[in-house]
Amino acid sequence: MEENKTYTISIYTENNIGLLNRISAIFQRRHINIESINSSVSEIENISKWTIVVQLTEERMKKIIGQIEKQVEVIKAYYHREDEIIYQESCLFKIKSELLFEERQIQNIIKESNANIVTVNKEFFVLEKSGRSEEIELLHRELKVFGIMQLTRSGRIAVSKEEMKISKMLEAFSN
Amino acid sequence: MKEHFTLENKEDVVTTEKISGSEAVLKSLLAEGVKTLYGYPGGAIMPVYDQLHQYQDKVHHVLARHEQGAVHAAQGYARISGKVGVVIATSGPGATNLITGIADAQIDSTPLVCITGQVNSQLLGSDAFQETDIVGISTPVTKWNHQITKASDIPKVLAKAFYIAKSGRPGPVLIDITKDAQFEEFDFSYQKCVGIRSYKPVPMVEEKKVQEAAALINSAKKPLIVWGQGVILSEAESIFKGIVEKSGIPAAWTILGVSALPTSHPLNVGMVGMHGNYAPNVLTNECDVLIAIGMRFDDRVTGNLNFYAKQAKIIHFEIDPAEVDKNVKADIAVLGDAKESLTQLLPYLNEKEHTEWHQRFKDLYKIEYEKVIKNDLHPTKEGLTMGEVLKEINKRSKGNAAIVSDVGQHQMIACRYADFNLTKSNITSGGLGTMGFALPAAIGAKMAAPDRDVVAVIGDGGYQMTIQELGTVFQQRIPLKIVVLNNQFLGMVRQWQQLFFDKRYASTEMTNPDFVAIAKGYQIDAQKVTDREKLSDAVREMMTSEGAYFLEVCVEKEDNVFPMITAGASVSDIRLE
């Protein structure tokens, strides 16, 4: 049996309300857990770009890409291995302000992790960290011992090292 | 903003001064050449029905007795004609009643445009009366769907709907129109859609792949063709026949592919799959090259994939890239429309006969004939068999009728034994296995092909799932032939209970009503046959009757359909008894 690997999927689509349902149904039907999903604008006007992270065998991954590309409003879908992309995730930690002053170690952790303090007030401060999942997980572990009031983490966003020739595809259609 | 789809030339545009959204629906349908549609009215679609009344001399609306009946009728219409079937229903229950037919059309690649009414756009999301999120519900079973809340979107969205439904691998599209959009007025203009930038329905055929396929086919000693509905959908029947005849390769069919090549053709070796013929199933695991054309290696065709044609090189001619390597890995995949790729393939093929290889099929046929076919078609026992009814229908139709079957034992018998001379003649629910499909689908088929004999062959179970459509036959005076093969059981389930559940017949025995009386209640000529000596005359009477005719044949209660590939078994382990 081929083993599961982490794949990042990039999907270029028309901007359409119902498409989220269509794409998520493809994963749901096959009991594939979506680890993270992000939808945003892309480098091309009026074209959305989705970034989805899943753990799958490559064989299944290929079949899923086929099913995604089959959707009328999907322009093109790609899957990438971890070494084929540059990616980032982001995380916000809300922590009691008193800890910042009482626990000297927190200040060191913040410095070493390259996290940014977004805001500080009397009750709490908010720490933002962008980076690869391991870096965020490490920071989370380190801060957890002091107590975290709130935590939220974004999905992965990624760009591929290889070119994805979407503009050319769209040009080919207009000509 | 620039449109993401291309519409055809301005000269073909239909333009009118201010009209309502509902009239725009009618004008759009007319622009797409729609003459017949099936549906059921209700609150949220009333403005469109009002226009159907105004346009009744141009568009024939057929009132079904249930929305499921309407959608199956549209499927039957589409399957026999190759045109897009059109269905109209109201919001809420009207729309949800379409779902079974839409799912059926999706899995069997049938082009449909379903138009549903929706509550006023201001009420969306408020749990208004008969509001249901039909776009959400239908998403996984449609090729595309869309909700319209502005009248001015109607023409371009419907143009896209027809284009998407019919192009490439066809499928169902649902368009939901809010009631306020149906009332709203706007300046109408209609252009057919000819392209969408994010959608490439037909992949380009790569000549190199065609040449590779040809080289492999030419070098094969024991090649086998398995074709599916793709041959019919791309209207490739004639070039396909040319391929089969030139290459001399035995050709077997899936139940949706049958009738693309006449059943009497000497190179037609029968049906593959669970209840298919013995030879093509067994020899799937002996052939050296398997050439799959417009088929998708459904599990009912392949049996256990771990033991499916492992010795063979696989060539897959397929329009849908997502089907390639989905179930069976192809050594050579030729993407594209079957008609186009087969046309390119033909000149590269060598003329061959494969005489010895054909002999293997003939030898295995003899075994199947002795063990199964003889008893099905020429029974010596007292009870009537389903097979002999099909034999009688063949005798009268001379193979020129379209056979519309439901789901279950009778379906397998109909597919196995019906003679077909003409293409698009076997209309059945293949992928979804929808009981209740046949009666309404036959209504649509007969209306699309009024000059052809259309015979619905139905089991007593499935018949009662949509029996209300006799009302449609009656009201529309559709000269349909309806045969119910009554074994007083849900026969296929009973067969499995017998074979795999130690004959524990849980909820499969049926106490049936007087079917003849019911048919007569709708003023449909009817008779019931229980004896062999009356069968032939009864079938003749049915086939020669002017109007609709209902024939009930009481068949043996506990007959089984063989051959059979049991669950988890290999195609070559097909059982003959």
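**Chain B, domain against domain**

Author: Let's start where two domains meet: 25 residues of domain 1 of chain B are in contact with 27 residues of domain 3 of chain B. Keep in mind that this is a predicted model. On the domain 1 side, the elements that each supply at least two residues touching domain 3 of chain B are β3 (36-39), β4 (60-63), α3 (67-81) and α5 (99-107) of chain B. Of these, α3(B) gives the largest share of that side, with 11 residues.

To place those domains on the chain, the domain assignment of chain B gives domain 1 as 5-196, domain 2 as 207-361 and domain 3 as 382-554.

Helix α1 (residues 21-31) of chain B packs against helix α2 (residues 46-54) of chain B at an angle of about 55 degrees, and their axes are 8 Å apart. Because of that angle, α1(B) counts as oblique to α2(B). From α1(B), the contact is made by B:S22, B:E23, B:V25 and B:L26, and they meet B:P47, B:V48, B:D50, B:Q51 and B:L52 of α2(B). As for handedness, α1(B) passes α2(B) in a right-handed crossing.

Over in the domain 3 range there's another pair to look at. Helix α16 (residues 386-397) of chain B and helix α17 (residues 409-417) of chain B pack at about 45 degrees, with their axes 9 Å apart. That angle is why α16(B) is oblique to α17(B). Here α16(B) brings B:M386, B:G387, B:L390 and B:K391 to the contact, while α17(B) brings B:Q409, B:H410, B:I413, B:A414 and B:Y417. The crossing of α16(B) and α17(B) is right-handed.

Further along chain B comes helix α18 (residues 438-448), and it's mostly covered, with 11 of its 11 residues buried. Among them are B:A438, B:L439 and B:A442. Those three residues also turn up on the list of what B:A456 touches, along with B:V404, B:L480, B:K481, B:I482 and B:V483, leaving out residues up to four places away in sequence. B:A456 itself belongs to the largest nonpolar core, which has 184 residues; B:A456 is listed there with B:V87, B:L112, B:V113 and B:V483 as having the most contacts inside that core. There's a second, separate core too, made of 17 residues and including A:I9, A:Y12, A:W50 and A:V53.

That brings us over to chain A. Its domain assignment gives domain 1 (5-80) and domain 2 (88-153), and the centres of domain 1 of chain A and domain 2 of chain A are 31 Å apart over C-alpha atoms. One residue worth a look is A:I85, in strand β5 (residues 85-96) of chain A. A:I85 has 19 C-beta neighbours inside 10 Å, so it counts as partly exposed. Setting aside residues up to four places away in sequence, A:I85 touches A:T8, A:H80, A:A158, A:V159, A:S160 and A:K161. And though A:I85 and A:I157 are 72 residues apart in sequence, their C-alpha atoms are 9.8 Å apart in space.

Notes
Residues numbered from 1 in each chain as written. Chains lettered and ligands numbered in written order. Predicted model: local features only at pLDDT ≥ 70, side-chain atom pairs only at ≥ 80, totals over all residues. Domains from an automatic or database assignment. Core = buried A, V, L, I, M, F, W, Y, C linked by C-beta atoms within 7 Å. Buried ≥ 20, exposed ≤ 12 C-beta atoms within 10 Å, placed from the backbone. Contact = placed C-beta atoms within 7 Å. Axes fitted to C-alpha atoms, helices over the stretch in contact; angles between N-to-C directions. Helix = DSSP H or I, 4+ residues; strand = E, 2+ residues; numbered from the N terminus. Parallel < 35°, antiparallel > 145°, perpendicular 65-115°, else oblique. Left-handed = near helix turned anticlockwise from the far one by under 90°.
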